[in-house]
Amino acid sequence: MIPSWVAYLIDKLPEKWVREISYMLVKKDLKKYADIKITGIERIDNVKGPKIFVSNHLSNSDGLVLNKVLRKYDPYFVAGVKLSNDPVTKLGTKIVKTIPIKPNSADKDAISKIIKIVKSGENLVIFPEGTRSRKKEMLQGKKGVLLIAKLTRATIIPIGIWGTEELLPINLEGNMDAEKWHNAKVNVVFGEPITIEKKEKLEDKHKYEDRTMNYIMYSIAKLLPEQYRGYYK
């Protein structure tokens with residue numbers, strides 16, 4: 001990957017140049033370092049209408065890998081606003097279509113934009129855990145995806161991804177070292193499409209949300225090797 005000071009200079013160029021240069025650099029790095037194996041993508045060939053791709057989250061490279069794998073579907077990515085604070089990861093957000101969202105908050109403006117985009121027929125990628133797992137194991141999912149799925153009626157496509165934590169690992173300080181890529185075998189596995197189940201007549205709202213969220217998260221977990229499943233073993 002490029003040094004931070006180079007990324008900073010690139011970001012000062014006209015927007016069109018920034019996107020083109022960033023895309024070429026990332027494409028080159030993924031080709032050089034990532035041996036990507038894709039399984040099950042044919043499961044979504046016949047899915048009609050907008051799709052919400054939900055995936056576990058191990059690395060800042062997850063979005064770059066999935067953007068490459070999902071090129072045909074040209075999805076938007078829900079990304080934490082703090083990615084724009086780092087000059088290198090900021091370039092990454094230039095080559096994927098992103099919807100910035102404030103983490104750990106009810107970002108109503110972002111949620112409203114997401115729902116509008118999906119209702120218009122666009123596809124979406126969201127990481128329900130809300131942050132990268134520093135221990136490689138799945139974290140408990142957050143329920144924002146339920147609201148989006150309910151209001152858009154989009155089909156949910158679970159994805160299990162691993163190997164990206166080796167491709168772009170966390171450094172000793174606990175941060176993603178965006179300048180140092182490593183050779184890695186990356187697996188991207190697509191599960192069967194799912195839809196949100198209806199609330200039972202006498203079911204408590206919170207129990208319904210917990211049940212539905214678990215359904216989504218376990219649909220991701222079962223695509224992963226057991227050591228990555230964490231909260232959803």
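The chain contains 8 helices and 7 strands; helices (H or I, at least four residues) and strands (E, at least two) are DSSP runs, numbered from the N terminus. The model is a predicted one, in which local features need pLDDT of at least 70 and side-chain atom pairs count only at pLDDT 80 or more, while totals for chains, interfaces and linings use all residues. Residues are numbered from 1 along each chain as its sequence is written, and side-chain values use heavy atoms, with hydrogens and water left out.

Of the 233 residues in the chain, 47% are buried. Here buried means under 20% relative accessible area, exposed means over 50%, and partly exposed lies in between (1.4 Å probe, protein chains only). The chain exposes about 12900 Å², of which carbon and sulfur atoms supply 52%; these accessible areas come from the Shrake-Rupley method with a 1.4 Å probe, and for residues only the protein chains shown count as cover. Among contacts with a separation of 6 or more, 73% are between residues 24 or more positions apart, where contact means heavy atoms within 4.5 Å.

The interior may be approached through its nonpolar cores, each a set of buried Ala, Val, Leu, Ile, Met, Phe, Trp, Tyr and Cys residues joined through side-chain atoms within 4.5 Å. The largest nonpolar core has 33 residues, and Ile52, Val54 and Leu124 have the most contacts inside it. Two or more residues of this core come from each of strand 2 (51–55), strand 4 (97–101), helix 5, strand 5 (124–126), helix 6, strand 6 (155–162) and helix 8. Helix 5 gives the most, with 6 residues.

Beyond its neighbours within four places in sequence, Ile117 is in contact with Tyr76, Ile99 and Glu122. Ile117 and Pro50 are 67 residues apart in sequence, yet their C-alpha atoms are 9.6 Å apart in space.

Helix 3 (residues 61–69) is largely enclosed by the rest of the structure, because 8 of its 9 residues are buried. Its buried residues include Asp62, Leu64, Leu66 and Asn67.

Attention now turns to the loops. Lys48 is in the loop between strand 1 (34–39) and strand 2, and counts as exposed at 71% relative accessibility. Most residues other than glycine have a negative phi. Lys136, in the loop between strand 5 and helix 6, has a positive phi near 75 degrees. Arg153, in the loop between helix 6 and strand 6, has a positive phi near 60 degrees.

Finally, the second largest pocket has a volume of about 260 Å³. On a 1 Å grid over the protein atoms alone, a pocket is an open set of points where a 1.4 Å probe fits, with protein on both sides within 12 Å along at least five of seven lines, and lining residues have an atom within 4 Å of a point. Its lining includes Lys143, Leu147, Ile196 and Tyr208, and helix 8 (205–221) gives the most, with 4 residues.

How values were computed. Points joined across faces, edges and corners; volume = space filled by probe spheres on them.
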